[in-house]
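Hello,

Here is the structure I promised to pass on. My notes on it follow below.

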Amino acid sequence: MAYKVTTQTPASRIAAIVGAIAIVVLIALPFFAGRGTIQDMFFILTMLVLAQFWNLLAGYGGLVSIGQQAFVGMGAYALFGAVILWGLDPVPSILLAGVAALIIAVPTAFFAFRLSGAYFAIGTWVIAEVVRLLVAQWKTLGGGTGTSLPRSATRDMWFVEMIEEALGVRSAAARDILAYWLALILAIATIGGIYWLLRTRRGLALAAVRDNTEAAKSVGVDAGRMKWIVFLTSAFGTGLAGGLIYMQKARISPDAAFSVTDWTAYVIFIVVIGGIGTIEGPIIGVLVFFALQSLLADFGSWYLMTLGVLAIVIMLVAPRGLWGLLSERTGLHLFPIRRRLTGGQLTTSEE
Amino acid sequence: MALLQTQNLTAHYGDFQALFGVDIELGEAETVAIIGANGAGKTTLMRSIAGVLRNDAGAVSFDGVSIGALTADEIMAQGVAMVPEGRKLFPSLTVEENLLIGTYGRKTAGHWTLDTVYDLFPILAERRHNPGTALSGGQQQMVAIGRALMSNPRVLLCDEISLGLAPVVIKDIYKAIPQIKAAGASMIVVEQDIAQAMAVADRVYCMMEGRVTLSGTPDSLSRDDIHNAYFGASH
Amino acid sequence: MIWIDTIIQGILLGGLYALFASGLSLVFGIMRLVNLAHGDLIVMGAYLILVLVTLLGLSPFLAVFVAVPLMFALGWFLQKFLLNRTLGEDILPPLLVTFGLSIALQNALLEGFSADSQRLPTNALTTASVDAGPITLGVMPLLTFASAVLVIVGLNQLFYRTELGRAFRATSDDATTASLMGIKPANIFATATGIALVIVTIAALYLGLRANFDPNIGPARLIYAFEAVIIGGLGSLWGTLLGGIIIGVAQTVGAAINPEWQILAGHIAFLVVLLVRPRGLFPRAND
């Protein structure tokens, strides 16, 4: 048998090699890059994680959420709670951040799944507001004004001393490097995990549900269950990212941790600009977003206005985003999902 | 010169071509029937003429003017009204509101008003305040015809007006056609029911697989001709 | 007695939320479009009235008459040239385009008017109150509520008594068949959004007269409006009024217990209704 069903393409093999080299470079980055670069890369990687999970929800699952800030904020507060109230180390507390987001995702989904389409979107936003208002009542964590991680906890954080010695940097820089490496692991695991999910039978079913719920049902795909899986997965991942982001910031307030602009609007713009419904899109999108922010951030509200207008233009002119334009022109797929038949001769008779 | 004419009309649904160069003509005060089996392209032809499907600019002309590139509402304003397949009454509107909506895009004085439509189909006057969709299939068909007449169209396109109705109801509806003709409208009637079509039409076109396979006056066509044109010669 | 007072204040506050919500309800009912920039458009309306008051020296109530045609035109063009292009099977384009619009609008207002809060000038009438037995009612809340009722009566008349209203309903049922009747769906949608922005302007007047506003408060108004629409049942205007009242009463009762709970109580009321009646109190049959 010379036939083979494969999803590989020549471009994806090259991409895998380039990707492997990129990962090695990124791991080694703290050995030669300055603290500013590391902080920028931390920002890019965490936004990339948020974007990949929103893309999984909206681009693959058809669930347009405007309430991702609920999971970022919940994750962040869970981490602060675990450190401040239980005296846990911040690094393992990141896992608790994911679990906390997962826990509130269950009632959120229960309510929001009663709404469809656009109403689902606003419904998730309402629930995020409810969570923000409730957290603002949590006086031991600073209520509406927020709180900081205690100095003792950040100083003695796991691995920090190791990094200080190995790289010969101060404690604050070592914490940034640790956060960066954790963000890198999270980003690679996120992209790898989503790519894996999309290539499984479940993932193919997901595409079927997005394209046509009725038709997918008729071939035996449980659309309701897929929605739950996707929603909970992305809540968990978003919570991990939220915990990590605020571990690095070391200071939290409800308005910042549950900000719809920072954790949902930016993320939506990244995905839309890069290309919704592809894994490559958020990667391109986050780079464009970072470039725009570096160029325009001094202009304050002009910057956000530009982002808003850019998202409108892209949605109307190139609804598949920058990556969509590129892959239409070139047929390029770095993370191919489609299964293709290769090898052998396509003849009607078998030997 | 023909009042309404298609020339080399083609139509596509995505990659699927549904019409292959169809030429038909409708004269002033004439009634033309288009017959053919399911999937022959009859409804596609009606939708193309009415502007629901996009055409080449030159493919359809009405009263000497090319209307192929106009939108459905513009074509309706020119005086070509359609009774769509499946009746398509507006469920949020009462019978009377459904009729009145027919005058939205074209307010032309003429024979047809609410009163004359109620004279044509007296049952509708009784049901005027009911929701359109609460009516029986035959009554809904009457509303759909009345709705199209309300604009006093010069051409009335009737798409499958007997589909899914009992024979006795079909007879009632077809009784109205001579009166519609008498009031001055030219008509294209799309039918699967050959006998009904032959009875009211001045001329008949037979379609198969997106092409016109036969045309002529009802008495010039033999049963075998029609049978072959309808199902293909091999049957 | 204090509870009756609280509840009546809540009912009157519901009038304001119903005004926020009616435009959203209208647009959704006709074209299944949810405009995420709705709240920001209300805030923009308030700034427009403020500018007219400042430039022309008009009273806010007169400035509204100048603002209404401007806002109608804005809505018409917005729908015709931007939002109509996003309508279709896919729900993403309208959501993302209106979300982009919301962010762009908020920041344009920030750029133009700064983040300082503003208020429309009040006079003796707007701060007056009337005694109704043991309870004192503000003239402003009463006027707001009366306007909400008038707007809803007006919209119902428009929908069920006019040719345009028939065309709205027919297009909402089936846009393709409506076009066979000579209706241009694109223009019907544009007109509907124009009317929605007329209601937005009226809502903006009361928003600006009753309290301070700044460019960032739009999203919260969108959320209240959305909650009122869902509670009432999609497409039912009287339901929307009732939804507004439920949110309003929940908020004033919440605030009476603990001022920090005002907003939270409104959201909780919404979630409770969603739990018991997922399709709202007056759901439309054919949705």
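In chain A, α13(A) and α14(A) cross in a right-handed way. (A crossing is right-handed if the near helix is turned clockwise from the far one by less than a right angle, and left-handed if anticlockwise; helices are DSSP runs of H or I, at least four residues, numbered from the N terminus.) The contact involves A:Y266, A:F269, A:I270, A:V271, A:I273 and A:G274 of α13(A). From α14(A) come A:G281, A:P282, A:I283, A:I284, A:G285, A:V286, A:V288 and A:F289. Contact means C-beta atoms, placed from the backbone, within 7 Å.

This is a predicted model: local features need pLDDT of at least 70, side-chain atom pairs count only at pLDDT 80 or more, and totals for chains, interfaces and linings use all residues. Residues are numbered from 1 along each chain as its sequence is written, while chains are lettered from A and ligands numbered from 1 in the order written.

Helix α13 spans residues 260-274 and helix α14 residues 280-296. They pack at about 115 degrees, axes 7 Å apart. (Axes are lines fitted to C-alpha atoms over the stretch in contact; angles run from 0 to 180 degrees between N-to-C directions.) The two are therefore roughly perpendicular, a term for 65 to 115 degrees.

**Between chains**

Chains A and B do not touch; their nearest C-alpha atoms are 17 Å apart. Of the 2 pairs of chains that touch, A and C have the most contacts. A:S301 sits in helix α15 (residues 301-317) of chain A. Beyond its neighbours within four places in sequence, A:S301 contacts C:N107, C:L110 and C:E111.

Best wishes

Conventions. Angles under 35 degrees count as roughly parallel, over 145 as roughly antiparallel, 65 to 115 as roughly perpendicular and the rest as oblique.
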